[in-house]
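Please look over the model shown here, with its sequence alongside. The briefing that follows goes through it topic by topic.

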Amino acid sequence: MVFEGFPFIIGWELTLECNMRCRHCGSVAGMRRTKELSTKEALSLCDQFPDLLVREVDLTGGEPLLRDDWMQIAKHLNDLNIPVNVLTNGLVIDEKMIRKMNECKITGAGLSIDGPQNVHDRIRNYNGSYEKAVNAIKLFQEAGIGYNIITTVNRENIGFLPSMNEAFKSLGVAFWRLQPLIQTGRARKSPGLELGDSEMLSLGEFVRSQAREAESGSPEIICSDGLEYVKKTGDGERPWRGCPAGIVSCGIMSDGRIKGCLSMPDEVCEGNIRDQSLWDIWFSPDSFRYTRVFSADDAGPLCAKCEKIGECKGGCSSSSYAGTGVFHNDPSCFFRAEKKAGGIKNES
């Protein structure tokens with residue numbers, strides 16, 4: 001079967017270097033990878049994007065703004081008429097950095113905040129990081145740079161979602177992205193962060209209650225990493241149809257390796273742009289088979305008997321593989337948790 005889709009959205013890990021050591025970091029960011037792409041290699045890679053119909057590049061890391069040539073890469077993408085977003089922890093966001101972002105015509109930013117001050121600072125192993133993030137919000141607003149807040153939901157912060165909503169409302173936050181913790185990287189070494197069925201049920205109920213009852217000025221919640229099916233789609237919106245990795249999105253590691261999604265463990269790669277063009281990797285019949293070639297028979301034991309398997313295809317590929325070692329077997333599932341809770345109620 002010939003695959004005919006394109007990687008409209010590219011997540012690009014510019015560097016693994018980071019100025020934080022977050023307890024839940026899936027990529028174990030901190031030090032640079034050995035042999036990260038040179039500036040010349042990075043710019044050459046950018047030149048491959050137009051033929052692949054890339055519509056958006058999200059620069060991430062590590063902390064992408066620590067890479068010395070990030071502006072050169074962002075400007076080159078801008079010259080190719082490809083919108084560029086930056087995902088940041090906020091530590092290096094000051095007025096000087098804002099000017100650089102505007103100079104590069106950065107379209108938007110994703111800013112990580114994982115709880116109220118004490119919780120956020122503890123999860124991110126950095127005292128004062130919450131204040132830095134809040135200051136970044138104000139600087140983005142003053143500069144007219146669009147942004148959304150990104151929260152990795154885990155067992156330590158899930159109980160604070162309502163109070164976080166109120167705090168973001170008072171700060172004028174318009175968009176809030178929620179993503180369940182994926183059990184990979186440092187998260188595996190941080191017991192107590194993982195989400196069980198009860199936490200997934202609480203998370204899904206919070207998302208739905210906000211969609212139903214959100215007050216004026218509350219941030220709009222955006223769902224990620226298998227949580228998309230929880231929030232009801234609006235009129236004209238396409239319902240979620242499973243993991244988009246290798247279907248419409250692609251991840252590029254800082255050393256040139258290619259993943260369907262950067263949340264995947266490092267061993268799940270399809271090739272390296274130092275050996276093949278991105279075009280050849282993307283259109284190889286052997287690439288991204290976990291999402292491109294699927295039948296209900298591929299479902300793992302957690303999802304095999306679920307009536308939703310034809311729709312969600314077993315949930316988030318990264319969560320499934322990291323949590324259970326196989327695809328189409330997402331351990332973090334609101335629908336399954338909801339069904340279990342309903343069954344318990346019916347029996348009692």
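## Briefing on the predicted model

Five of the five residues of strand β4 are buried, so β4 is largely enclosed by the rest of the structure; buried stands for under 20% relative accessible area, exposed for over 50% and partly exposed for what lies in between, with a 1.4 Å probe and protein chains only. Helices (H or I, at least four residues) and strands (E, at least two) are DSSP runs numbered from the N terminus. This is a predicted model, in which local features need pLDDT of at least 70 and side-chain atom pairs count only at pLDDT 80 or more, while totals for chains, interfaces and linings use all residues. Residues are numbered from 1 along each chain as its sequence is written, and side-chain values use heavy atoms, with hydrogens and water left out.

**The sheet**

- An open sheet of mixed pairing is formed by 10 strands, in the order β7-β6-β5-β4-β3-β2-β1-β8-β9-β10, where two strands pair if DSSP finds at least two bridges between them.
- At its edges are β7 (220-223) and β10 (271-272), each of which pairs on one side only.
- Strands of a sheet pair through backbone hydrogen bonds, either parallel or antiparallel.
- Strand β3 (residues 84-88) runs in the parallel sense to strand β4 (residues 108-112), with four bridges between them, and T88 stands opposite L111 in β4.
- In a regular strand the side chains alternate between the two faces of the sheet.
- Both faces of β4 are covered, with G108, G110 and S112 buried on one side and A109 and L111 buried on the other.

- Residues up to four places away in sequence aside, L178 touches T151, V153, L161, L203, F206, V207, I221, I222, C223, S224 and L227, a contact being heavy atoms within 4.5 Å.

**Aromatic pairs and charges over rings**

- A search of the whole structure finds 11 aromatic pairs; rings of Phe, Tyr and Trp (its six-membered ring) pair if their centres lie within 6.5 Å, and planes under 30 degrees apart count as stacked, over 60 as edge-to-face and the rest as tilted.
- The rings of W12 and F49 have centres 5.9 Å apart and planes at 80°, so this pair is edge-to-face.
- It links distant parts of the chain, with W12 in strand β1 and F49 in the loop between α1 and β2 (56-60), 37 residues apart.
- Both partners are buried, W12 with a relative accessible area of 2% and F49 with one of 0%.
- The rings of W176 and F206 likewise have centres 5.9 Å apart, with planes at 75°, so they too form an edge-to-face pair.
- W176 lies in strand β6 (residues 175-180) and F206 in helix α7 (residues 197-213), so the pair ties together parts that are 30 residues apart in sequence; W176 and F206 are both buried.
- F3, W282 and F288 are linked into a cluster by ring pairs, and the charged end of R292 sits over the ring of W282, 4.6 Å from its centre.
- R55 lies over the face of F8, at 4.0 Å from the ring centre; a charge sits over a ring if NZ of Lys or CZ of Arg is within 6 Å of the ring centre and within 35 degrees of the ring normal.

**The surroundings of T15**

- T15 is found in the loop between β1 (9-13) and α1 (39-46), and counts as buried at 2% relative accessibility.
- The side chains of T15 and E36 are joined by a polar contact of 2.9 Å, meaning a pair of N or O atoms within 3.5 Å; within protein, one must be able to donate a hydrogen and the other to accept it, and residues adjacent in sequence count only if both atoms are side-chain atoms.
- The side chain of T15 also reaches the backbone nitrogen of E17, at 3.0 Å.
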